[in-house]
Amino acid sequence: MQETQFQNAPNKLRATNQAILTYLRLALPKGRPLLDEVWRSRHTAIVILLWLHAAGVALFGLFTNHGIIHSLLEAGPIIAFAALADTEGLPRRLRSTLASLGLLTASAALVHLSGGYIELHFHFFVMVVIVALYQDWIPFLLAIGYVVVEHGVMGVLDPTAVYNHPDARANPWTWALIHGVFVVAISIASIVNWRFNESAEEALRSS
């Protein structure tokens with residue numbers, strides 16, 4: 001009897017893994033491209049938001065007494081991302097990715113200019129939700145990775161630019177993972193909404 005159970009164990013494990021994979025295929029978004037008009041309207045709004053962030057970062061730098069040159073240097077990469085994302089000749093997915101990276105760079109600049117205020121870290125979370133509007137796995141996963149890596153790497157190189165309390169400055173990767181957990185939680189909510197949107201679009205196309 002025990003031998004039979006032992007022999008059946010691989011089959012049970014295989015069946016369990018297959019069930020999990022089937023569930024994930026049904027639960028996760030397929031990442032199908034948005035209709036051109038839908039993508040264009042969302043991308044236009046996101047690029048406008050990105051340009052506003054470029055101006056906002058420069059003004060925030062001046063407000064926090066970082067000087068004109070420093071403020072413009074912080075806004076410079078965001079301007080570059082916005083200009084490239086607004087370039088018609090580039091592939092659609094590349095433009096989505098550039099806009100997404102620009103938004104996350106704006107978050108990083110605001111945190112840096114504030115001296116690492118925890119409240120401004122919430123800006124990252126909002127940007128991840130906005131990136132999810134593209135309904136594209138590449139910019140979405142890059143956005144999540146950006147948050148964790150930026151918090152960890154910059155937390156090591158310049159802790160005072162990322163965190164404003166001693167424990168985080170002493171353990172930047174620990175706090176990067178803590179923030180990453182919250183990003184994952186927000187990402188799950190975004191993925192659920194994304195899947196519902198796909199289902200609604202599929203229903204419209206089939207009707």
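Q: Which residues lie nearest the centre of the largest pocket?
A: Glu74, Ala108, Ala109, His112 and Met154 lie nearest its centre, and the whole lining has 13 residues. A pocket here is an open set of points on a 1 Å grid over the protein atoms alone, where a 1.4 Å probe fits, with protein on both sides within 12 Å along at least five of seven lines; lining residues have an atom within 4 Å of a point. By the way, this is a predicted model: local features need pLDDT of at least 70, side-chain atom pairs count only at pLDDT 80 or more, and totals for chains, interfaces and linings use all residues. Residues are numbered from 1 along each chain as its sequence is written, and side-chain values use heavy atoms, with hydrogens and water left out.

Q: Which elements give two or more residues to that lining?
A: Those are α3 (68-85), α4 (92-114) and α6 (137-157). The largest share, four residues, is from α4. Helices are DSSP runs (H or I, at least four residues), and strands are too (E, at least two), numbered from the N terminus.

Q: And what volume does the largest pocket have?
A: About 210 Å³, taken as the space filled by probe spheres set on the grid points, which are joined across faces, edges and corners.

Q: Changing topic: how many helices and strands does the chain have?
A: Eight helices and zero strands.

Q: Which residues form the nonpolar patch on the surface?
A: Val149, Val153, Met154, Val156, Leu157 and Trp173, with about 540 Å² of accessible area together. Five of these residues come from α6, the largest share. A patch takes residues with over 30% relative accessible area and no salt bridge, and joins nonpolar side chains (Val, Leu, Ile, Met, Phe, Trp, Tyr) within 5 Å, or like charges within 9 Å. A salt bridge is a side-chain nitrogen of Lys or Arg within 4 Å of a carboxyl oxygen of Asp or Glu. The areas come from the Shrake-Rupley method with a 1.4 Å probe, and for residues only the protein chains shown count as cover.

Q: What about Val147, buried or exposed?
A: Val147 is in helix α6 and is buried, with a relative accessible area of 0%. Buried means under 20% relative accessible area, exposed over 50%, and partly exposed in between (1.4 Å probe, protein chains only).

Q: How far apart in space are Val147 and Val183?
A: They are 7.9 Å apart, C-alpha to C-alpha, and 36 residues apart in sequence.
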